[in-house]
Amino acid sequence: FFFKQKTAYEIKECDWSSDVCSSDLLAGREGVEIDAVDVDPAIVEEARRLHPGLAFRVGDASRLDGVADGSVDLVLFSFNGIDYLPDRAAREACYREAARVLRPGGVFVYASHNRGALLANKDARRILWRNLGRVLTGRDYLAERGPVWAVDLWHGTPASEARFLAAVGLELASVWSRLKKQATAERSATSREHWPYYLAVKPAR
């Protein structure tokens, strides 16, 4: 989808979460310009070391200073990075910034934790049990813990993501998962996929 458009005009990608995903997808393709942004200077420095031919800089997903309105064809926020934004206000600002910088017809792709998958397996049910009070009171952020880390992460649903995207003028076109491949938002509402990818489109004028 994205690469077919490059014959018509230059593809410019704005990538939050500066990791190998962006470079593996687009590096070396003629006519592709990548503007990769991460909030962590250490990650940006490592990304520059690993991919010296690409542009990386420190930045904030909820405030894309220096990126012009309607200048980007693809916004990619990989590896659930959007779920680490600190609160709902920052997340909503992130959606607004994606909508602002996209050209008409541009695409916003991101992965996010799926609250509907919390009954899918034993590990997910542990998260649900640990956060039962938050779930029952409608909290968006649930606590997840590992051997040496603990963090509150956003857990939405395809239906809630569609509402957030619509509020900034983006249309949820499809939800991708490793379990169901491609599906519509409605059919994915009860998906067992813990981290589906969302593909939203900025309508053409």
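Ala-93 is found in helix H3, and it makes a friendly starting point for this predicted model. Ala-93 is buried, with a relative accessible area of 12%. Ser-62 sits 31 residues from Ala-93 in sequence, yet the two are 4.9 Å apart in space, C-alpha to C-alpha. Helix H3, which spans residues 88-101, also has the highest confidence in the chain, with a mean pLDDT of 94.

**The chain as a whole**
- The chain has six helices and 10 strands.
- Of its 205 residues, 48% count as buried.
- Among contacts with a separation of 6 or more, 63% are between residues 24 or more positions apart.
- The accessible surface comes to about 10,700 Å², and carbon and sulfur atoms account for 56% of that.

- The average pLDDT of the chain is 79, and 78% of the residues score at least 70.
- Confidence is lowest in strand S1 (residues 11-16), where the mean is 48.
- Residues 15-20 stay under 50 in pLDDT, and the model gives them 30 contacts beyond four places in sequence.
- Residues 184-190 also stay under 50, with nine contacts beyond four places in sequence.
- Where pLDDT is low, the predicted coordinates should not be read in detail.

**Aromatic rings**
- The model has seven aromatic pairs.
- One of them joins Tyr-95 and Phe-108 edge-to-face, with 6.5 Å from centre to centre and 75° between the planes.
- This pair links distant parts of the chain, as Tyr-95 belongs to helix H3 and Phe-108 to strand S5 (residues 102-111), 13 residues apart.
- Both Tyr-95 and Phe-108 are buried.
- Trp-154 and Phe-164 form another edge-to-face pair, at 5.5 Å centre to centre and 70° between the planes.
- Here the link runs from strand S7 (residues 150-154), which holds Trp-154, to helix H6 (residues 158-167), which holds Phe-164, and the two residues are 10 apart.
- Trp-154 and Phe-164 are buried.

**Salt bridges**
- Side chains of opposite charge can pair when their charged atoms come close.
- The structure holds 12 salt bridges.
- In one of them, Glu-46 meets Arg-49, with the closest N and O atoms 2.5 Å apart.
- Glu-46 and Arg-49 are separated by about one helical turn, because they are three residues apart in helix H2 (residues 41-50).
- Glu-46 is partly exposed at 35% relative accessible area, while Arg-49 is exposed at 55%.
- Arg-100 and Asp-69 form a salt bridge at 2.6 Å, N to O.
- That bridge connects distant parts of the chain: Arg-100 is in helix H3, whereas Asp-69 is in the loop between strand S3 (55-58) and strand S4 (72-77), 31 residues apart.
- Arg-100 is partly exposed, with a relative accessible area of 25%, and Asp-69 is exposed, at 57%.
- Arg-91 and Asp-83 meet in a salt bridge of 2.8 Å, N to O.
- Arg-91 counts as buried because its relative accessibility is 0%, and Asp-83 is buried with a relative accessible area of 0%.
- Asp-60, Arg-63 and Asp-65 are linked in a network of salt bridges.

**A nonpolar patch on the surface**
- Trp-129, Leu-132 and Leu-136 make a nonpolar surface patch of about 390 Å².
- Trp-129 lies in helix H4 (residues 122-130).
- Trp-129 counts as exposed because its relative accessibility is 67%.

Methods: Residues are numbered from 1 along each chain as its sequence is written. This is a predicted model: local features need pLDDT of at least 70, side-chain atom pairs count only at pLDDT 80 or more; totals for chains, interfaces and linings use all residues. Side-chain values use heavy atoms; hydrogens and water are left out. Patches are made of residues with over 30% relative accessible area and no salt bridge: like charges are joined within 9 Å, nonpolar side chains (Val, Leu, Ile, Met, Phe, Trp, Tyr) within 5 Å. Accessible areas come from the Shrake-Rupley method with a 1.4 Å probe; for residues, only the protein chains shown count as cover. A salt bridge is a side-chain nitrogen of Lys or Arg within 4 Å of a carboxyl oxygen of Asp or Glu. Helices (H or I, at least four residues) and strands (E, at least two) are DSSP runs, numbered from the N terminus. Buried means under 20% relative accessible area, exposed over 50%, partly exposed in between (1.4 Å probe, protein chains only). pLDDT is the predictor's confidence in each residue, from 0 to 100. Contact means heavy atoms within 4.5 Å. Rings of Phe, Tyr and Trp (its six-membered ring) pair if their centres lie within 6.5 Å; planes under 30 degrees apart count as stacked, over 60 as edge-to-face and the rest as tilted.
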